[in-house]
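Subject: The model, and what turned up in it

Hi,

Here is the structure I promised to pass on. Have a look at it first, then read on for my notes.

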Amino acid sequence: VRSPFGGPEATHAGNHQTYFAYVLALVYRWFPGPETLLALQALLMGAAAIPLFFIARRALGPWAGVLLAYLYLLYPPLHGANLYDFHYLPLGTVFLWAAVSAAETRRHVWMVVALVLAASVREDVNAMMAALGFMMVVEGKHVKAGLLMTVFGGLMFGLLKFVVMPSYTGGHHSFLHQYQDLVPKGGNGYPAVLVTVFTNPFYTLTTLLERDKLYYMLQIMGPFVFFPLRRAVGLLACLVGIFFTLLSTHYLPQ
């Protein structure tokens with residue numbers, strides 16, 4: 001698909017892999033227009049409360065499940081993502097939580113369907129899938145399903161991000177400019193960013209010490225009173241988001 005973003009020779013496939021667009025097209029075909037996309041986005045983001053309720057009900061009881069699902073719907077960053085244009089990334093939440101819920105009830109076919117849909121939403125949803133699966137493995141809950149999510153998500157993210165997408169852009173990695181200060185001299189691509197993160201952690205830390213990044217963390221974690229970080233596994237759940245957002249340098253929209 002040709003895109004005005006990046007010039008007449010650019011393609012959307014070089015910036016994002018959004019195969020879920022073909023699913024949305026089943027509705028968009030009959031109701032074309034931006035309102036349809038916004039309505040579908042709101043519907044899918046809100047629908048994530050349903051599998052979240054079932055997960056919470058099994059772990060905490062029915063009333064706690066209702067409360068947790070309701071708090072999710074009240075979460076300010078959820079509203080912000082919903083009101084800020086149309087983006088594919090928030091659509092992945094409902095399928096990730098549906099996969100976890102299906103794994104807990106041993107509905108393996110539905111789990112696979114949910115994982116495939118999640119993988120189709122956007123390439124970075126697969127990174128979140130891998131992290132979610134790894135959390136399940138670490139906690140010793142539904143280890144086989146967690147391993148499947150970890151391996152499948154990791155492989156899909158690596159394939160789409162480092163093989164498929166660069167093939168559309170002549171070997172260049174899209175959005176790398178957002179992390180420019182972490183690319184070492186002579187380095188190229190996201191692997192070079194990871195080299196800086198792991199070999200020069202003190203320099204990486206200095207890029208995190210910014211006022212706007214503090215505000216961002218307060219907006220994300222403040223409504224929870226930092227409750228998700230009371231256990232180390234909560235930090236594991238945040239690593240993917242931290243990489244894609246907090247590690248950006250001099251890029252305020254991120």
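A quick definition to begin with: a residue is called buried when its relative accessible area is under 20%, exposed when it is over 50%, and partly exposed in between, using a 1.4 Å probe and protein chains only. Please keep in mind that this is a predicted model, where local features need pLDDT of at least 70, side-chain atom pairs count only at pLDDT 80 or more, and totals for chains, interfaces and linings use all residues. Residues are numbered from 1 along each chain as its sequence is written, and side-chain values use heavy atoms, with hydrogens and water left out.

Let's start with T18. Its relative accessibility is 9%, so T18 counts as buried. It lies in the segment before helix 1 (21-28); helices here are DSSP runs of H or I with at least four residues, numbered from the N terminus. Setting aside residues up to four places away in sequence, T18 touches H12, Y88, S120, V121 and R122, where contact means heavy atoms within 4.5 Å.

V121 has its own set of partners: beyond its neighbours within four places in sequence, V121 is in contact with Q17, T18, F20, Y88, L91, G92 and F95. V121 is also among the residues with the most contacts inside the largest nonpolar core, along with F20, L24, L91, M111 and M129. That core has 35 residues. By nonpolar core I mean a set of buried Ala, Val, Leu, Ile, Met, Phe, Trp, Tyr and Cys residues joined through side-chain atoms within 4.5 Å. Elements giving two or more residues to this core include helix 2 (34-47), helix 7 (108-121) and helix 8 (123-138). Helix 6 gives the most, with seven residues. There is a second, separate core of 14 residues, which includes A131, L176, V240 and L247.

T36, L40, Q41, L44 and M45 are buried in helix 2. Seen down the helix axis, these buried residues fall within an arc of 155°, so they line one face; the arc is that of the directions from the axis to the C-beta atoms. The face turned away from the buried side carries the exposed residues E35 and L43. The cover over the buried residues of helix 2 includes helix 1, helix 4, helix 5 (76-83) and helix 6.

In helix 7, the buried residues are M111, A114, L115, A118, A119, S120 and V121. Helix 6, helix 8 and helix 9 are among what covers them.

Lastly, the rings. The whole structure has 10 aromatic pairs: rings of Phe, Tyr and Trp (its six-membered ring) pair if their centres lie within 6.5 Å, with planes under 30 degrees apart counted as stacked, over 60 as edge-to-face and the rest as tilted. Y179 and F243 are stacked, at 6.0 Å centre to centre and 20° between the planes. This pair links distant parts of the chain, 64 residues apart. F243 also pairs edge-to-face with F244, at 5.5 Å and 80°. F157, F162, Y179, Y190, F243 and F244 form one aromatic cluster.

Cheers
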